[in-house]
Amino acid sequence: MTSEDVREVLGIIGGTGPQGRGLAARWAMAGHTVHVGSRTRDKADAAVADVVERIGPGHDLHPGTNADVADAAEIVVVALPHTAQADTLPPLADAIGDKIVCNVVNPMVFDDLGPRAVPVPEGSAAEQCQDLVPDARVVSAFHDVSSRRLLRVDEAIDTHVLICGDDAEATHRVAHLASRIEGMWGVHCGPLRNSEYIENVTPVILWINRYYKIQAGLLIDGIERDPEALHAHRAEGDTRAGRKPRA
Ligand SMILES: NC(=O)c1ccc[n+]([C@@H]2O[C@H](COP(=O)([O-])OP(=O)(O)OC[C@H]3O[C@@H](n4cnc5c(N)ncnc54)[C@H](OP(=O)(O)O)[C@@H]3O)[C@@H](O)[C@H]2O)c1
């Protein structure tokens, strides 16, 4: 089976923001079922309407509350502001259970000098998420992907998506999810603790974007752009699982 054959059921918590809508649009276009979540059903309806306006009808998109979405999804995507994670996720922990959770959260603020990474006691937003939903298999991804690029669905994307996680199967599924978006390739970047370094690169990318008036992505030199070849490395060579304690 290739990644082209897999139809995932995705649920995006905080799916009404630009990143949630952008991912919903691209994943729906790739043939997945996407549940778009919000604190209020009206906002979820409006977000789905916005996505449909961009990509056209005939896709498998569903609005819902964050609780509906956590329940319906096979893979739960957390697209909340960092400041909202700690309050939003614990009430959803039972619905999430041991599902795969794809965390896209960047802990960041803007000050006089531009975007700045915010230190997280757990090490990274992804590790904080793991502590908040302890039974889930958290994977960190899409921190380096611009919502503006995702939402401009008629424009081609050409970018690698840096992905890390402690559960080999979960990380592999999310890497394929990235690679099912046209012009994107998921790149395995090690254990979940490496998310700290990926999240902290985002302010640099944003600064570059502002300076050059672009929406840059990352491309890792020398790595394949064929999804099957990319992910075969992980499948054959690296099956480590289990969270490593922080030093
Ligand atoms: N924007 C990008 O280009 C980009 C790129 C990479 C990663 N990210 C990361 O992805 C995440 C989402 O980004 P975004 O720009 O889409 O964020 P956002 O618009 O600020 O927030 C996303 C959604 O979260 C919900 N939310 C906001 N405050 C909340 C609160 N206090 N409690 C519970 N829910 C709350 C809102 O949905 P409802 O009001 O409908 O509940 C909102 O639409 C962030 O962590 C960001 O750092 C963003």
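Axes here are lines fitted to C-alpha atoms, for helices over the stretch in contact, and angles run from 0 to 180 degrees between N-to-C directions. This is a predicted model, in which local features need pLDDT of at least 70 and side-chain atom pairs count only at pLDDT 80 or more, while totals for chains, interfaces and linings use all residues. Residues are numbered from 1 along each chain as its sequence is written. Helices (H or I, at least four residues) and strands (E, at least two) are DSSP runs, numbered from the N terminus.

**Helices α1 and α2**

- Arg-21, Ala-24, Ala-25, Ala-28 and Met-29 in α1 meet Ala-47, Asp-50, Val-51, Arg-54 and Ile-55 in α2, where contact requires C-beta atoms, placed from the backbone, to lie within 7 Å.
- The residues of this contact of α1 with α2 divide into 7 nonpolar, no polar and 3 charged; Ala, Val, Leu, Ile, Met, Phe, Trp, Tyr, Cys and Pro count as nonpolar, Asp, Glu, Lys and Arg as charged, and the others, Gly among them, as polar.

**The sheet and its strands**

- An open sheet of mixed pairing is formed by 8 strands in the order β3-β2-β1-β4-β5-β8-β9-β10, with strands taken to pair if DSSP finds at least two bridges between them.
- Because β3 (61-65) and β10 (184-188) stand at the edges with a single partner strand each, one side of each is left without a neighbour in the sheet.
- From one strand to the next, the twist averages 25°.
- Strand β9 (residues 159-165) pairs with β10 in the parallel sense over 5 bridges, and Val-161 has Gly-186 in β10 as its bridge partner.
- Strand β6 (residues 108-111) and strand β7 (residues 114-117) pair in the antiparallel sense over 4 bridges, and a hairpin joins β6 to β7 through 2 residues.

**Helices against the sheet**

- Helix α1 lies across β1 (9-13), β2 (33-38), β3 and β4 (75-78), and runs at about 165° to β2.
- Helix α2 lies across β2 and β3, and runs at about 160° to β3.

Key
Two residues are in contact if their C-beta atoms, placed from the backbone, lie within 7 Å.
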